[in-house]
Amino acid sequence: MTSLVIPETPADDDRRRGLRQMRAVALGLLVAAAVVYVLTRRQAGGWGYLNATAEASMVGALADWFAVTALFRRPLGLPIPHTALIPERKDALGKSLQDFVGANFLSESVVKEKLLLAELSARVGRWLTDPAHSTRLVAEAARLARDALGKTRDEDVVVLLKDVLIPRLLEEPLSPTLGHLLQEIVADKSHHPLVDLALSESASWLADNEETVSRVVATQAPWWSPHWVDDAVTRRIHKEALRFVREVRDDSDHPARRALDDLLTRLAGDLQHDRDTMDWAERLKQRLLSHAEVEHAITSIWQSLRRALVEAFGEPDGPLRRRAFDALTAFGRRLTTDRALRTRLDGLVADGGGYLVRTYGSELTAIISDTVNRWDGKEAADRIELHVGRDLQFIRINGTIVGGLAGLTIYTLSSLF
C-alpha cells in the first residue's frame, strides 16, 4: 500500500514554534530542579525540605517526559516495550477512532436527533424570503442550466434516441401503461379542460370562417345542383355545426361529452385487456417509432426547445426567471408560517439522514481507518505531536510541580513522625 503524504498547512509553523517553546519550558523546570537538588544535597536544616522537593520534581518530570515521549517515539531510542505507541499501533488506533466516531457521531439516532433539532426547513424558509438570496439562487440555477444545455451536443441526443430510448420503447409493451394512464385521466376528468379548449377554439374558428367552411362544403356538391341551392345548404351546414359546437361547449353534461368519456373509458379498458386493441396499439407504436422521420422530428423539437430554454434562462428579467423567483419566495414564506409543512419536511430530512447513515455509515467511517492505515508511522506521529504536543508539555510541567509538592509533603511527614 502506498503511504499517504500528510500535507503541510500554513498554521504548522506556528504550531511547531509553540511546541518548541513549551518543550523548553518543561526542560527548563527539570534543569532547575536538578540544579537545586545538586546545590542542596547534604545540606542540613531547612535545606533538606528543598532538596526533597527538587528530587521529587525531577522524578515527576522524568516520569511524565517518558510518558509523553513514549506516545510518539522510543525514549532515548531504547527498545522499551509499549513505547512509540502511535507509529507502532496506528492501524489499531485508526480502527478504534473509526468505531468511536461511528458509535457516537454517525449513529442513526444521533444523526436524526441533530437534524430535527437543526430545524433546517425554518432556516431555508428564512433564507429564501430574502429577495437577494432568491435572486442569487435563480441566477445560479439559470447559469448552470444554460451551461448544461449549451454543452449538450445534438449528436449525443441522437445517439440517446437511437441506441437507448427508441429500442427500449420498441421492446416494452406500452399499451397497458397507456391504458392505465388514460383510465386515471378519465377518472379524474383531467381531460375536460383540454376538451373545453378545443370546443372554444373550434367555435371561434367556425364563427370567423364561414366563407372557408362554405367553400369546402361546396366542393362536395353535385355538378348539376344550382348555386343558390348550394349556398343555402352550405350556410345551413355552417349554422348547424356552429350551433352544435356551442351547445357542447356550454353544456358540461352534453350527451356528446358523455359519449366521449364513454369512448375513452372503453379505450382505456381495451388497451389493458383486449388483445386485438393491444396488438393494434403495439403495431401503431412500431410503425411510428420505426419511421425514418421520427428521429429527425424529435431532434428538431429538441433543438427548438433547447434554443428557447437557453434564451429564457439568459434573460435576467425574463418571465421564466421571474416565475422561478416568485415560486421560491412564496415557498420560503410558506415555510416560515406553516408549522405542519416544516414538521413534515424536517421529518423527511431526518429520515433521509438516518437512511444514509444506516446504509453508508460504515463506509463513511471506514475512511478514517483507511486513511490512517496509509499514513507513514513516523510521519503520522510527528504530525500528531505537532498538533497536540504543545498541550502535552503541560503534563511534564504539572508532573514537575506536583512531584515536587508530593516530595515535600512526604519529607515533611517523615520528619514529623
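**Close-up views of a predicted model**

**View 1. Glu119 and its backbone angle.** Glu119 is partly exposed, with a relative accessible area of 46%. The model shown here and in the other views is predicted. Glu119 sits in the loop between helix H5 (108-118) and helix H6 (120-129). Its phi is positive, about 50°, although Glu119 is not a glycine.

**View 2. Leu76, another residue with a positive phi.** Leu76 belongs to the loop that runs between helix H2 (47-72) and helix H3 (85-88). The phi of this residue, which is not a glycine, is near 60°. Leu76 has a relative accessible area of 71% and is therefore exposed, the cut-off for that class being over 50%.

**View 3. Helices H6 and H7 in contact.** Two packed helices are described by the angle between their axes and the distance between the axes. For H6 and helix H7 (residues 131-151), the axes come within 5 Å and cross at roughly 90°. The two helices are therefore roughly perpendicular to each other. H6 contributes Trp127, Leu128 and Thr129 to the contact, and H7 contributes Pro131, His133, Ser134 and Leu137. Sorted by class, the residues of this contact are 4 nonpolar and 3 polar, with no charged residues.

**View 4. Helices H8 and H14 in contact.** The axes of helix H8 (residues 154-171) and helix H14 (residues 275-290) come within 10 Å, and the crossing angle is roughly 165°. H8 is therefore roughly antiparallel to H14. Their crossing is left-handed. On the H8 side the contact residues are Ile166, Leu169 and Leu170, and these meet Lys285, Gln286, Leu289 and Ser290 of H14. The contact of H8 with H14 comprises 4 nonpolar, 2 polar and 1 charged residues.

**View 5. The largest nonpolar core.** In soluble globular proteins, nonpolar side chains tend to be buried together. The largest nonpolar core in this model has 8 residues: Val195, Leu199, Ala203, Leu206, Val213, Leu242, Val245 and Val248. At least two residues of the core come from each of helix H10 (192-208) and helix H12 (227-250). H10 gives the most, with 4 residues. With neighbours within four places in sequence left aside, Leu242 is in contact with Ala203, Leu206 and Ala207.

**View 6. Gln98 and its surroundings.** Gln98 is part of helix H4 (residues 90-104). Its relative accessibility is 11%, so Gln98 counts as buried, the limit being under 20%. Apart from residues up to four places away in sequence, Gln98 touches Ser362, Thr365, Ala366, Ile368 and Ser369.

**View 7. Ser415 and its separation from Val294.** Ser415 is located in helix H18 (residues 377-416). With a relative accessible area of 42%, Ser415 is partly exposed. Along the chain, Ser415 and Val294 are 121 residues apart. Their C-alpha atoms are separated by 108 Å in the model.

Note on methods:
Residues are numbered from 1 along each chain as its sequence is written. This is a predicted model: local features need pLDDT of at least 70, side-chain atom pairs count only at pLDDT 80 or more; totals for chains, interfaces and linings use all residues. Side-chain values use heavy atoms; hydrogens and water are left out. Buried means under 20% relative accessible area, exposed over 50%, partly exposed in between (1.4 Å probe, protein chains only). Axes are lines fitted to C-alpha atoms, for helices over the stretch in contact, and angles run from 0 to 180 degrees between N-to-C directions. Angles under 35 degrees count as roughly parallel, over 145 as roughly antiparallel, 65 to 115 as roughly perpendicular and the rest as oblique. A crossing is left-handed if the near helix is turned anticlockwise from the far one by less than a right angle, and right-handed if clockwise. Contact means heavy atoms within 4.5 Å. Ala, Val, Leu, Ile, Met, Phe, Trp, Tyr, Cys and Pro count as nonpolar, Asp, Glu, Lys and Arg as charged, and the others, Gly among them, as polar. A nonpolar core is a set of buried Ala, Val, Leu, Ile, Met, Phe, Trp, Tyr and Cys residues joined through side-chain atoms within 4.5 Å.
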